[in-house]
Each structure stands twice: as C-alpha cells, then as structure tokens.
Amino acid sequence: MPHIEQLAPHVADLIAAGEVVERPASVVKELVENAIDAGSSAVVVEIRRGGMGMIRVTDNGCGIAPGELPTAFLRHATSKMRTADDLGKIGTLGFRGEALAAISAVSRVDILTRRKGADCGASLHLEGGVPGQVEEAGAPEGTAITVRDLFYNTPARLKFMRKDSAETAAVAGLMQHLALSHPDVSFKFIKDGAESLHTPGDGKLESAVYAALGRDFARGLVSVEGRGGYIAVSGFVTAPLMGRGSRSMQVFFVNGRFIKSQLLTAALEEGYRNQIMKGKFPGCVLSVTLPVTAVDVNVHPAKTQVKFAREREVFDAVYHTVLDCLDAKGAPAAASKPVERVVNPRQDFFQSMDAKTYREQGAKNTEKAAEKPPVRPAAPARPAWDTEWKSSARVADSQPQRPLSFRPLEKPAGAAFGKPPASVAERREAPPVREAPVEKEAPAKPEAPKRPFVPAIPADQQKLDLPGQTTIEPPKEAPWRIAGEVLHTYIICESADGCVWLIDKHAAHERVNFDRLKAAKEPPMRQTLLQPIAAELSREDGALLLENLDLLEQFGFACEDFGDGAILVREVPADIDAGDAVSTLEEFAENLRSGKSLEEKRENLLHTMACKAAIKGGWTSDISELKVLVEKVQSGEVRYCPHGRPVAVKLTKYELEKMFKRA
Ligand code: ADP
Ligand code: MG
C-alpha cells in the first residue's frame, strides 16, 4: 500500500482552483461579481484570444486598501461574511472568499486599486498564487485586475480548452447575463480590441435587454410583474406568437444572480400552455426576488444553481405572474388564431435524389449540353426564380390534363444570375405528378386561362429516369380511396376492407423524410441562398453551432461565424425552406445540447431535419401529395412518426357501427 500523505498546499490549491476556474468565462464571472459587490456603477471587461491571452476587468467600485491586498488573494479570505450565521443570509454575489485565490493560483495576475477617497493606490503582481511586493501606485478610484497566461501551470486543464471562438462566445454570453441582471451598472465588453456590448446602466431593464439581446428579441416582449406572498416576479417574456426554437433565450435571475433552474423553466412554460405553438419555447428575462433566507445559493461551486426553501410557492408565483400578464395583455392565443392557408412552399415533395447522384447526373447533363454553364457541386436546387416557378406549377395544377412541367419565363426574374443548370430544370420536372390520378378526379376548368406551355426538356428526353432517383408514385389502382382532408391536417381515407383511417399528414411525411435521410449515404443536397441569412442566435446556441460546423455541413448547412454570436447561413438543405433556416438551427443547438453521444446527436438532428422538411398541419396540400402519404401508411411502411407517436388512427366498420348503436 502506498503511504498516505497530506497534499502540499499548492497542489491542494490547484485542485480547489479547478472547481472555481474552469475556463476563461469563470474568471470573468468571478471578477465582475466582485466588481458589482464593490458597488461599481461602471465595469469594463476586455479579453484577448477568448480570455486565454488576457482578461482585464476594471471597475469604479470601493477599491481595496493596500494593506489588505495580499489577504484578498488568500483562500477563504472575504469581506462579505464573518460568521456561520451569515451563510444563511447571503446578499452579495461572492461569499466563499475563494475566487481571487483560485484565479491567481492558475495564472499571472496584476492588480491595481485605489480606495474611494484615498490619496494613493497600490499594485501587486502574483504568479501561480505567489504574491510579490505591494507597491504604491497612481490609480483611478476602483480596481483593475489583469489575468494573463491562464492555466500556464496546469497543462492538463490547458489541454481541455476549446477553440478561442468558443471561449469568446462563452464570455460574451456571460456578459449578457451579467448586464441583464444589473441594469443599474453600465457594462462594456471589448473582445480583441472591438467593443461588442455596451449597456447604459440607466437602471431600466428594457435598456439592458435592448443592448444585450438585440432589437429583434426586445421588440417581441411583454412586460410582466407580479407578487405571490413574499416572492416578487418581474421582467419580460416573449409574446406567445414570438416563440423561439429553443430554450436558450430563457434568462432567470434570483436575487440578481443568473441561474439555471428547471423549476423556473417549468413554471414559465406552464404559463404558456395552449398559447404557444408546439415545438416553440417562450423566451424571457425574469427576475425573482425573495428573502435571502428563503433561498440557498450555496449548492454549486459556480453558483449557477439555487435551492428554494418552498419550491411550490416559487413555481406558483412565476406561473401566475406570467399567465395573468399574458391574459391581461390580451396576447392572442395561438390556438384561437384562424388557420392560415399555406400552400406547401416546396416543390420537391415527390422526388428525392441523394446529392451524389444529383451531382453525377448534373455533370453528365453538362457534358451533353455543351454551351450550358457548369454545375457547381452545391448547385442551388431552388432556382432564382422560385416564386415564378411556383406560380407556373399552380397553373399546371389547374390544367390537369396537361403534364406538369417547367415553363421558362419570358423574362426570368433571376436573369442576372444566369440560366439555371439543365439538371435543375429536369429535377423540377416532377414526372410523377404527370401521372397522378388526381387529374381524373379534379375536372379541368374549361375557363382556365391558357398559358403558353413550353417544356423545358425536349419530349424525347422527358422519360429520362435518373439513376438513384426515387420517384414515389401512388399506385394506379389502390385498394383505398381518400374521402377528404379535415382541419388541413388529417386525411380521411377508406380502405377496401371497410375501415376508416385518419392520417396525420405531417407525422406521416416526417416519418417518410426521416427514413429517407437515415438511409441516405450522402449529405442532403444543398441550396445556396441568394442572400445569406445572418441568424441572430443566443450566444450559447451560436457557440455550440460554431463548434459543430462540420456536423452542420453533413446535414446540408454551410454556416460561418458572423461575430457577436450571430451565424451567417450561406447554404441550407434543399429540403428545408430558407424561412425555416434559423429555427432549424436553434433546434439543432438544442439537439446538440441534449444529445449525450455523437450518435444520439446525429439522430436528434435527423429528427429535426425530417420535421422541418415535412408538410405542416394547416398547409393546403395537393391531393397527389396526400395520396403518396396514404399509400405509405396503407402499405404498412409508415406506422409511427420518428418520435413514436402514431401516424394513423383506424376505425373498423364494426367499431363505427357500435358507436352509432347499429351493432
Ligand atoms: P469573495 O468575493 O467570495 O469575498 P474573492 O476571492 O472573490 O472572495 O474576493 C476576496 C475579497 O477581495 C472580497 O471579499 C473583497 O473584499 C475583495 N475584492 C475582490 N475584488 C474586489 C473589487 N473589484 N473591488 C473591491 N474589493 C474587491
Ligand atoms: Mg468574489
């Protein structure tokens, strides 16, 4: 057996430091909290290389007396607590007396400080926690702490540091939370020399929200205020129609401290029940204030979690405040909104070809058409004249005796962008619709306007069946019949064996997409956006996505860092509407967060893709689309949606007769 020995103090300190100082953002958090505790009205945070190069926090607070400077860097040295009793009523952000000790143990620190009203300031340099001499120095009132070479003496920790961009994003996210929790303090955040956040510190939460979370988010907010007994709740929540794709814009403060709390999230979301669209989450900046004796903040080293003495009361206070304010403001409930008629904006319902085949085919076609411009690998699947294309498709729908085909525009709107590649036109040519039995059921309107019809592809090439292309066609003589569609969501269908089926068209399509995406060996085909989208996500989501750009590529998204947590989206999967790109990315971030293994993350991403690419309940669908889905359900290929919910409900004749007391 090896001997048992007490660790050398500096080793023990390094271990303890690891609990407090995990990454640059934890250093910033501790230093800024100290600045706030010191009564500062203005705090400037500067970082370089995500904080690994340098972190400097400057405040105009009370300062530290020269004689107490070395003490402040000792473990368990604090001015905020004296007795064990004090632990039960903590009103300051710091109280453990560990931060300065921990930070200085794993870096090189310079501190310059002057007490309010003192004639002269003092400076001190520490290396690996070992202090030098305190020296007299000229300084403005307040304190400036500079941290360099973080983790220089703990290589194991250094190895685990993520990319600078991820660390910068983490600090930026933290700065948002700090700024929001203290609207009375003016915060300035400078990263690599550029100012990225500046709040006025005018004491108004709305000013801080506007400066920290952006105009778009601030615009969709409803103010809330309420009180339940000794618990006060105030702040802003998103209007129900402005739901977000993830929970990352839920910001909670308890007694001025940013915390993560499932209890508060649950209470907030309960307040939105039946008011917000499924799959959307409310955002908020909510402050809960309660007596310091009713909350324990000493349950987590990073102090981002709390324990409430009476959880039920806190839940009720938040829930009722949110619910009452949403009701009082007459926020329109999503459920009561008249169903909008949305036609499937995508034209790729029937075809699915993997990107490899598409590219190969595109290349072949290019060879054939000598003068045509070459096809880029990630050629835009949706042509520039998208809108016009849709309208031409509709014309074809209303003249069912005609094959649905591409009609080039006399004056293409996207002329400036060159001709679409031939293969795109071919792909768009959608042969199955040509044969869809719908044509027999919906008689042609004789008065339908006659439009010039020019097939894009010569007649002899129209039968061209592309290898690898799956063309889903409804059977010629199906043992079932569609009786109709109700609520723009459920297909009613009768099968030859005398059963009535109700089929959820979104769920069924989601399953079809999921199976297709899962089986695909190539990444989905992409479309290049004419105008890249700058997705303003939360810092947390932005950072997570930036860390996973490769994975996003595999799912058909070409994105890049746009600074300040924003992401520039240049290409999206062809299956997904460009308008859904941001919400898809928000959900992706949630998928990445919740997935434990890479496999699980991939699976989650597939779910999101399948859902986003599916026709939605509420959309007006073409009967031929519905037929494809019914066929999949009737053949038994599709039974459950990827989340395991049933796709269809079946009623036998006998069951119906029983309901009507016939049997
Ligand atoms: P804690 O904040 O838990 O008390 P710290 O290690 O963070 O412990 O700080 C130790 C002490 O140093 C504080 O209690 C405070 O008195 C003093 N101090 C730290 N930072 C500042 C600052 N920016 N301005 C004034 N005093 C400070
Ligand atoms: Mg502290």
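## Ligand 1

A polar backbone atom of Leu100 lies 2.9 Å from an oxygen atom of ligand 1, a polar contact in the sense of a pair of N or O atoms within 3.5 Å (within protein, one must be able to donate a hydrogen and the other to accept it, and residues adjacent in sequence count only if both atoms are side-chain atoms). This is a predicted model, in which local features need pLDDT of at least 70 and side-chain atom pairs count only at pLDDT 80 or more, while totals for chains, interfaces and linings use all residues. Residues are numbered from 1 along each chain as its sequence is written, chains are lettered from A and ligands numbered from 1 in the order in which they are written, and side-chain values use heavy atoms, with hydrogens and water left out.

The backbone of Ala99 also places a polar atom 3.3 Å from an oxygen atom of ligand 1. From Asn34, a polar side-chain atom is 2.8 Å from a ligand oxygen atom. Ligand 1 is surrounded by 19 residues, the closest being Asn34, Thr78, Ser79, Lys80 and Gly97; a residue is counted if one of its heavy atoms lies within 4 Å of the ligand.

## Confidence

The protein has a mean pLDDT of 77, and 75% of its residues reach 70 or more; pLDDT is the predictor's confidence in each residue, from 0 to 100. Residues 331-340 stay under 50, and the model gives them 15 contacts beyond four places in sequence, a contact being heavy atoms within 4.5 Å. For residues 368-468 the pLDDT is below 50 as well, with 137 contacts beyond near neighbours in sequence.

## Helix α17 and its partners

Helices here are DSSP runs (H or I, at least four residues), numbered from the N terminus. Helix α17 (residues 539-547) packs with helix α19 (residues 581-594) at about 75°, their axes 9 Å apart. Axes are lines fitted to C-alpha atoms over the stretch in contact, and angles run from 0 to 180 degrees between N-to-C directions. The two helices are therefore roughly perpendicular, the term for 65 to 115 degrees. Glu540, Asp541, Leu544 and Leu545 of α17 meet residues of α19 including Phe588 and Leu592.

Helix α6 (residues 164-181) packs with α17 at about 170°, with axes 8 Å apart. α6 and α17 are therefore roughly antiparallel, as are angles over 145 degrees. Ala166, Ala169, Ala172, Gly173 and Gln176 of α6 meet Arg539, Ala543 and Glu547 of α17.

## Helices α16 and α21

Helix α16 (residues 505-519) and helix α21 (residues 623-634) cross at roughly 70°, their axes coming within 10 Å. This makes α16 roughly perpendicular to α21.

Terms used
Angles under 35 degrees count as roughly parallel, over 145 as roughly antiparallel, 65 to 115 as roughly perpendicular and the rest as oblique.
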